[in-house]
Amino acid sequence: MQNVLIIGWGISGKGACKLLLSQGAKVSVYNDSPIDLTDYPQVTDVSDMDNFDVIDGKDLVVISPSISQEHPLVEYAKRYSVPVIGEIELGYRFCQGKIVAVTGTNGKTTTTKLIGDILNASGKKAYALGNIGKSFCESVEQIKQDEIAVLEVSSFQLESIRDFHPLVASCLNVTPDHFERHKNLQNYANAKFNIFINQGAEDCAILNYDDEVTRNFSDLITSKVYYTSVRHKVKGAFVRDNKIYLDFDEEVEFMSTDDIPLKGDYNYQNVMTAILTCKLLGASSQDIISAIKNFTPPRYRNQFIGNYMGKNFFNDSKATNIDSAIKACRSMQGDTAVIVGGYDKGIAYDGFFSCLPDTVKHIIATGDNVYSIMQFLPSYHEYTFEITSSLERATQLAVSKDVLNVLFSPTTSSFDRYSSYVERGEHFDMIVKLLRENGSGE
């Protein structure tokens, strides 16, 4: 019986625990905050032990995505030659089905969900798992040999893979993010590239040709490479004259962008990645097009939540990085007040301010990183910039402005005050609902 230590007790940690217990492993858990193991009586909590006692006698360490390679226990395990892997790697070792993997700074969840929807609509049983919020390990034992695991994988998860080997892997884009963990863009890009490192000639890689970082990945990839582009004719999928074309061996018109419920170039990149993935897995064009037309995107991605008090409200809580927030700002039609701020990732905001469209007239910042944002405020700017203590007050200030749109697009993660971007988005929904019921933003 293997003696396994799990570090981190979130969705991934619990999923890994259930899989390991089903395989007869002896499991212990270390977590940096108190945990409740009432439902896991056979699991030992070792959080209060010294490092040596925690690692002593362990055959394997499984870390959750939130656990850095620099965590003291991870470094201790490596010093004593105890293998350290992530939950995604653990799930891979027990997966009987095919694996599709999606990564990128933005668009991962939408693309993963769309691929899963298309495959299921085409009669191929698929499971959307991973960073999308459903643990790979918890579901892996039910995936049969002729079924497909569609995995959203983050840079945190890709840091700790060893043999993880997707049949089709894609990287949607790479823009500055998570410098609090990766320190710089090169390290972050290297983590993303790990999605391709175990692929061979029989596998397929899909890259965004319009993104310089992902385009350059192709020089190091040994699998078959296909591209997506909204600007160039490429081998793979591209947009021309408001139509998507496919080009594997010859150019074929596939569908009109008018039939895609997701609008904007970045969404067309996501859709084309899903199309290529599903075509490579044998889905019919008819099934793909039908599933795309009927696709319901995940919540809190620049989601229009209503027109109240003469203003359009957009909930973009999933904007956990600057690039995503800029895209949301650029999508606004008319004068806009944007609410930003949250967890401090150590990211410079000069690129945010320099890329804002003229439609942004007011910026209201709230959250732990407000002063990090403010230090990059240009000496000359054509918008107001205010700092306030809460999302409630920030929303009230935004509503008081003479604008058409109120956009909540935080630019960073939610972990300063929330457990997830979903909880943060739900909070904004509630604030807007209360303001609407009161009939005023004052």
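Let's start with a lining. In the largest pocket, it has 14 nonpolar, 25 polar and ten charged residues. Keep in mind that this is a predicted model.

How big is that pocket? Its volume is about 1,300 Å³. Lining it are 49 residues, and P65, S66, N131, F156 and F415 lie nearest the centre. Several helices each supply at least two lining residues, among them helix 1 (11–22), helix 5 (108–121) and helix 17 (421–438).

Next, the second largest pocket. Its volume is about 1,000 Å³. Here 48 residues form the lining, with N106, Y266, D323, S324 and K327 closest to the centre. Which helix gives the largest share? Helix 13 does, with eight residues. By class, this lining divides into 16 nonpolar, 19 polar and 13 charged.

Now the rings. A pair of aromatic rings is described by the distance of the centres and the angle of the planes. This structure holds 18 aromatic pairs. Take Y76 and Y80. Their ring centres are 5.1 Å apart and their planes meet at 35 degrees, so the pair is tilted. Are the two partners buried or exposed? Y76 is buried, at 14% relative accessible area. Y80 is partly exposed, at 43%.

A second tilted pair is Y308 with F313, 5.9 Å centre to centre and 35 degrees between the planes. Y308 has 17% relative accessibility; under 20% counts as buried, so Y308 is buried. F313 is buried too, at 0%. Y308 has another neighbour: R436 lies over its face, 4.7 Å from the ring centre.

Likewise, the charged end of R240 sits over the ring of Y245, 4.5 Å from the centre. Last item: ring pairs link Y349, F352, F353, Y383 and F385 into a cluster.

Note on methods. Residues are numbered from 1 along each chain as its sequence is written. This is a predicted model: local features need pLDDT of at least 70, side-chain atom pairs count only at pLDDT 80 or more; totals for chains, interfaces and linings use all residues. Side-chain values use heavy atoms; hydrogens and water are left out. On a 1 Å grid over the protein atoms alone, a cavity is a set of points where a 1.4 Å probe fits but cannot get out, and a pocket is an open set with protein on both sides within 12 Å along at least five of seven lines; lining residues have an atom within 4 Å of a point. Grid points are joined across faces, edges and corners, and a volume is the space filled by probe spheres set on the points. Helices (H or I, at least four residues) and strands (E, at least two) are DSSP runs, numbered from the N terminus. Ala, Val, Leu, Ile, Met, Phe, Trp, Tyr, Cys and Pro count as nonpolar, Asp, Glu, Lys and Arg as charged, and the others, Gly among them, as polar. Rings of Phe, Tyr and Trp (its six-membered ring) pair if their centres lie within 6.5 Å; planes under 30 degrees apart count as stacked, over 60 as edge-to-face and the rest as tilted. Buried means under 20% relative accessible area, exposed over 50%, partly exposed in between (1.4 Å probe, protein chains only). A charge sits over a ring if NZ of Lys or CZ of Arg is within 6 Å of the ring centre and within 35 degrees of the ring normal.
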